[in-house]
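This report describes a structural model by its elements and contacts.

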Amino acid sequence: MVIAVTAILAVYTATPALQEFLVLPKGEAFTELWLLGPGHMTENYPYNITSGQSYDVFLGVFNHLGNVACYSIQVKIRNQIQSEPNSMEHNSSNLPVLFNLYAVVADNESWELPVRFGFDYYYDSAQSKVVYTKFLFNDKVLTLNGYSTSWDTSRSSFFANLIFELSVYDRGTGSFQYHERYVDLKFNMTI
Amino acid sequence: MGVVRFVASAVMAALFLTIAFAPVSAQQSVSDSIATAKQQLIECFDLTSQAEAAGANVSSLTASLNDVGTLLSQSELAYTEGDFELSQSLSFQCINRLANLLSESLQIRNSAISERSIQSLYRVLFSIFGTSIVLLAGYSIWRFLMRRYLQVEVVAD
């Protein structure tokens, strides 16, 4: 009895010293990436888009990696026939990046960005296409050259897809690597 | 007359080359400053990471780094749009803020590391001391009880 009590107490008092030398296994390391609607809820996402109008959503990241992380979120736009990210094959879209957002997030902390976006576009009746001219993102305007979308018969819309792909800085390679997370918004470009 | 014509032609050619290549060098200079800002952001992130690993609270540092990240995004966007002047100005703002942040994060990291090593030393020393006392006390109690029970057994015999 005395030996057992002594052993338990000894282990208890030795724990702080053992913690300095033992490496305990960490939980699953991952990152949450989310997109919320204008009411900060998972509803009322913009779908029917009008040229020149702006729309609000919230883009967020929660770091569960066990250490501070430097993220890059790449913004891309695609139509129904262009490359899309693939969750099953862990691939990002091979489309050009419109621009990058950078976020440094401590472990178990989140980062959120209110996003106001919009498109300027016109309908090219000769080619039956919606042709984009500008993309508005948080009061910054980006000229879109060569971006257009044709009528998507399966969706019965002029389909557009706004994608946010998450990359994380990898010290091993010294570069940002696709973190196999993306969120997107699908639109009907009304004419 | 021939010399004057030659000099005039040379001056014209020099002017033409300067004008023709000036935007290219300006673009290159902006591109370099964006790359520098990005590199410094990564360096600052590395120091922040080390400070966090040493137990420091890095919330204020990450908030400042996020502000710089926003500026860097805007600088890249301006560059894509061909507004090199704005892009240059934004990237310089990034570099200036990162210079301060680098020294701040270095300081936080160093103080966190030294604080942690002192804490670790105390923790290990107190832990060893406490464990020794527990073991000694346990041994003493065990011996005391053994003697007492052994004596009782002897008396009983």
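## The helix of chain A

H1(A) bends by about 50° at Thr15(A), and Pro16(A), a proline, follows within four residues. The bend at a residue is the angle between axes fitted to the seven residues ending there and the seven starting there. Helices (H or I, at least four residues) and strands (E, at least two) are DSSP runs, numbered from the N terminus. The 20 residues of H1(A) should span 28 Å at 1.5 Å a residue, and the end C-alpha atoms of H1(A) are 28 Å apart, which agrees. The expected span of a helix is 1.5 Å times one less than its number of residues.

The model is predicted: local features need pLDDT of at least 70, side-chain atom pairs count only at pLDDT 80 or more, and totals for chains, interfaces and linings use all residues. Residues are numbered from 1 along each chain as its sequence is written, while chains are lettered from A and ligands numbered from 1 in the order in which they are written.

## Chain A as a whole

Chain A contains 1 helix and 11 strands, and its elements run α-β-β-β-β-β-β-β-β-β-β-β from the N terminus on. Its C-alpha trace spans about 95 × 35 × 30 Å along the principal axes. The radius of gyration of chain A is 23 Å, whereas a compact globule of 191 residues would have one near 16 Å. This radius is taken over C-alpha atoms, and the globule rule is 2.2 Å times the number of residues to the power 0.38.

Of the 191 residues of chain A, 27% count as buried. A residue is buried if 20 or more other C-beta atoms lie within 10 Å of its own, exposed if 12 or fewer, and partly exposed in between, with C-beta atoms placed from the backbone.

## Strand pairing around S11(A)

Strands S10 (residues 157-170) and S11 of chain A run antiparallel and are joined by 12 bridges; two strands pair if DSSP finds at least two bridges between them. Asp170(A) stands opposite Ser175(A) in S11(A). The hairpin of S10(A) and S11(A) has 4 residues between the strands, and Gly174(A) takes a positive phi near 70° there.

S11 (residues 175-189) of chain A is also joined by 2 bridges to S2 (residues 48-49) of chain A, and these two run parallel. In this pairing, Ile49(A) stands opposite Met189(A) in S11(A).

## Chain B

Chain B has 3 helices and 0 strands. Buried residues make up 27% of its 157 residues. Phe92(B) lies in helix H3 (residues 84-156) of chain B and counts as partly exposed because it has 16 C-beta neighbours inside 10 Å. The C-alpha atoms of Phe92(B) and Phe126(B), 34 residues apart along the chain, are separated by 50 Å.

## The contact between the chains

The contact takes 27 residues from chain A and 33 residues from chain B; two residues are in contact if their C-beta atoms, placed from the backbone, lie within 7 Å. On the side of chain A that touches chain B, H1(A) gives the most, with 10 residues.

Ser73(B) is found in helix H2 (residues 59-80) of chain B. This serine, Ser73(B), counts as buried because it has 23 C-beta neighbours inside 10 Å. Leaving aside neighbours within four places in sequence, Ser73(B) is in contact with Phe99(A), Asn100(A), Leu101(A) and Tyr102(A).
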